[in-house]
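Here are a few exercises to work through with the model open in your viewer. Try each task before you read its solution.

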Amino acid sequence: MKGHPAATSPLPTLVFMPPQSPRGTPIPIPAPAKPKETPNLDSTASASAPKSTLPKLRLEIRDLNHDGAQTFLTAVIASKALHKAVQSVLSLLYQSPDSPTTTAPPTRSVTLIMRSMPGVAYTTGSDLDGDHKEIHFSLDYIHSSVSNDRKAHEIMGVLTHEMVHCYQYNAKGTCPGGLIEGIADWVRLHAELSPPHWKKEATGKWDAGYQHTGYFLDYLEKRFGEGLIRRLNEKLRIERYEEKRFWTELCGRPVEQLWGDYGDALKKEKKKVEDDECVLVDREDAATPTNKDAKDIETTAGK
Ligand SMILES: [Zn+2]
């Protein structure tokens, strides 16, 4: 129980002393009036999940004097940002009328710890137990490595990615790390929080992780139907990961074959974009047959 001295040494008994009147008679303190029920202004946030399904959400800013602390507090409303990240993860990985059999893990609290550190962010179980999660997020990264117009979007993107780690399964510790990271970026992609530098590519290995694997999962979901990634996550809950059996049961063929299909699909997609650009340039030619300058501009813009 590192860092929890209360577990070994008893706490002193706390004695509450009410204020005394001059004669020593206690002055009764009126109970605070019950606040009136306030209307919920953020109706979209509460519509998709009842409050009781949400974990306790906590925020710790380790250095308020760090420039990144001000950046963070200005860019987002922390309570709403965390709430929204949980909602995105639950709705994309669990809550669906089509997948009533998925079971979200019993995550009881998520603490966002904003602190100075190298890298971007990571998620870990807390000292208490695995049901209490900590997201560590770099103040240096937010302050220095993200342009001003993208700060809120990037904070939400990173938070959503890390929140997936608070709620996803890992096949009892046997799932490849690249698939874990791919699922996290698939959720980020579907929460419409992908950063501008992301791109689809089918080079290298399917489980290289992050958006590389995230876009592959997106292809699989489009091909095999909505809910595939929820079913994938559910398989990671109930069984250990044996690659051949896992993918054959989920998609009817081994993952290498699916990865090859994905490469072919991307080539087709790329060719279609190029053909469309050619059509655009041809049309421009026909409309302005004598205007060479106009044609050159269109050709350049289409690249
Ligand atoms: Zn991650």
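**Exercise 1: a strand pair**

Task: work out in which sense strand 3 and strand 4 pair, and over how many bridges.

Solution. Strand 3 and strand 4 (residues 132-138) run antiparallel, paired over five bridges. Strands here are DSSP E runs of at least two residues, helices are H or I runs of at least four, and both are numbered from the N terminus. Two strands count as paired if DSSP finds at least two bridges between them. Next, find Ala-121: it sits opposite Phe-137 in strand 4. Finally, trace the link: six residues make the hairpin that joins strand 3 to strand 4.

A word on the ground rules: this is a predicted model, where local features need pLDDT of at least 70 and side-chain atom pairs count only at pLDDT 80 or more, while totals for chains, interfaces and linings use all residues. Residues are numbered from 1 along each chain as its sequence is written, and side-chain values use heavy atoms, with hydrogens and water left out.

**Exercise 2: the zinc site**

Task: find which residues coordinate the zinc ion.

Solution. Start with the donors: His-161 (NE2), His-165 (NE2) and Glu-181 (OE) coordinate the zinc ion at 2.0 to 2.1 Å. (Donors are N, O and S atoms within 2.8 Å of the metal, or 3.2 Å for Na, K and Ca; water is not among the atoms, so sites may look incomplete.) Along the sequence, their spacing reads H-x3-H-x15-E. Now place them: His-161 is in helix 5 and Glu-181 in helix 6, so this pair ties together parts 20 residues apart in sequence. Both His-161 and Glu-181 are buried, where buried means under 20% relative accessible area, exposed over 50%, and partly exposed in between (1.4 Å probe, protein chains only).

**Exercise 3: positive phi**

Task: compare Ala-171 and Tyr-210. Where does each lie, and is each buried or exposed?

Solution. Take Ala-171 first: its phi is near 55 degrees, a positive value in a residue other than glycine. Ala-171 belongs to the loop between helix 5 and helix 6, and it counts as buried because its relative accessibility is 0%. Then turn to Tyr-210, another non-glycine residue with positive phi, near 45 degrees. Tyr-210 is in helix 7 and is partly exposed, with a relative accessible area of 44%.
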